[in-house]
Amino acid sequence: MSTDGGLHVGILVFDDAEELDVVGPFEVLAAWEQHSAIKPHVSTFSRDGDGVRLAKGMRLVPSRSADDVGPLHVLVYPGGWGTRAMLADRTHLEWLRLVRAQTPILASVCTGALVLAAAGLLSGRPATTHRDHYDDLAALDPSVVVDTEARFVDDGDVVTAAGVSAGIDMALHLVARLESVDVARAVRRAIQYDPAPPV
């Protein structure tokens, strides 16, 4: 929970995170703020609070640093090429384990699941990731039950989404779960998200 008593969602951002992994869930969750009776708060944060350059060149200035983001109800961990560096960063993995211990829901998009696995947070759980990285996820932790069919997998306190646009579906699911299906539908209408693609 955030320090002001409301439901607080934090989206971690870092260099070479995939753009839609970040802004897809952010758009859904920010729209939720506008349609919600419980008035959740969503913010972005980076390790040091500095701006980041995402995978395709978008630059983003986060709201906070990891030190001042405060307690979270939901942590969203995006994927992208930047996760490769995180996999080998023992300090970051330890930070993630500490945050996990005090965060009720941990959610990942795309290859963000690989970092969760490297931190030991997916052991024995069903999970998914980008279709090109199922084998990587299994190699990092063979005990993970890799779901190759689902757009997202909700395992209670850990929710993982498949690649890129699946983060939007996962975020809408979180809105439905944390507030209501009706509110999630209102958010989907507000952002004009149509999950039936034209091609």
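## Starting at Asp154

Asp154 is partly exposed, with a relative accessible area of 30%. On this scale, buried means under 20% relative accessible area, exposed means over 50%, and partly exposed is what falls in between (1.4 Å probe, protein chains only). Before going further, note that this is a predicted model, where local features need pLDDT of at least 70, side-chain atom pairs count only at pLDDT 80 or more, and totals for chains, interfaces and linings use all residues. Residues are numbered from 1 along each chain as its sequence is written, and side-chain values use heavy atoms, with hydrogens and water left out.

So what does Asp154 pair up with? Its side chain meets that of Arg177 in a salt bridge (3.0 Å, N to O). Arg177 sits in helix α6 (residues 166-178) and Asp154 in strand β10 (residues 152-154), so the pair ties together parts that are 23 residues apart in sequence. Helices (H or I, at least four residues) and strands (E, at least two) are DSSP runs, numbered from the N terminus. Arg177 is partly exposed too, at 34% relative accessibility.

How many salt bridges does the structure hold? There are nine, where a salt bridge is a side-chain nitrogen of Lys or Arg within 4 Å of a carboxyl oxygen of Asp or Glu. In general, side chains of opposite charge can pair when their charged atoms come close. Arg100, Arg125, Asp155 and Asp157 are linked in a network of such bridges.

Two other pairs sit inside helices. In helix α3 (residues 90-101), Arg97 and Glu94 are three residues apart, which means about one helical turn separates them. Their side chains meet in a salt bridge at 3.3 Å, N to O. Arg97 is partly exposed at 33% relative accessibility, and Glu94 is partly exposed as well, with a relative accessible area of 37%. Over in helix α7 (residues 181-190), Asp182 and Arg185 are also three residues apart, again about one helical turn. The salt bridge between their side chains spans 4.0 Å, N to O. Here Asp182 counts as exposed at 57% relative accessibility, while Arg185 is partly exposed at 46%.

## An aromatic pair across the chain

Now for the rings. Rings of Phe, Tyr and Trp (its six-membered ring) pair if their centres lie within 6.5 Å; planes under 30 degrees apart count as stacked, over 60 as edge-to-face and the rest as tilted. By this rule the count comes to two aromatic pairs. One of them is Phe14 with Tyr77, a tilted pair at 5.8 Å centre to centre with 45° between the planes.

## His8 and its contacts

His8 is found in strand β1. It is buried, with a relative accessible area of 2%. Which residue does the His8 side chain contact? It makes a polar contact with the side chain of Ser43 (2.9 Å). A polar contact is a pair of N or O atoms within 3.5 Å; within protein, one must be able to donate a hydrogen and the other to accept it, and residues adjacent in sequence count only if both atoms are side-chain atoms. His8 and Leu72 are 64 residues apart in sequence, yet 5.2 Å apart in space, C-alpha to C-alpha.

## Helix α1

At 1.5 Å a residue, the 17 residues of α1 should span 24 Å, and the end C-alpha atoms are 24 Å apart, which agrees. That expected span is 1.5 Å times one less than the number of residues. Among the buried residues of α1 are Glu19, Asp21, Val22 and Trp32. Leu20 is also found in helix α1, but Leu20 is partly exposed, with a relative accessible area of 30%.

## Two positive phi angles

Most residues other than glycine have a negative phi. Lys39, though not a glycine, has a positive phi of about 50°. Lys39 is in the loop between α1 and β2 (41-46), and counts as exposed at 52% relative accessibility. Val164 also has a positive phi, near 50°. Val164 lies in the loop between β11 (158-161) and α6, and is partly exposed at 24% relative accessibility.
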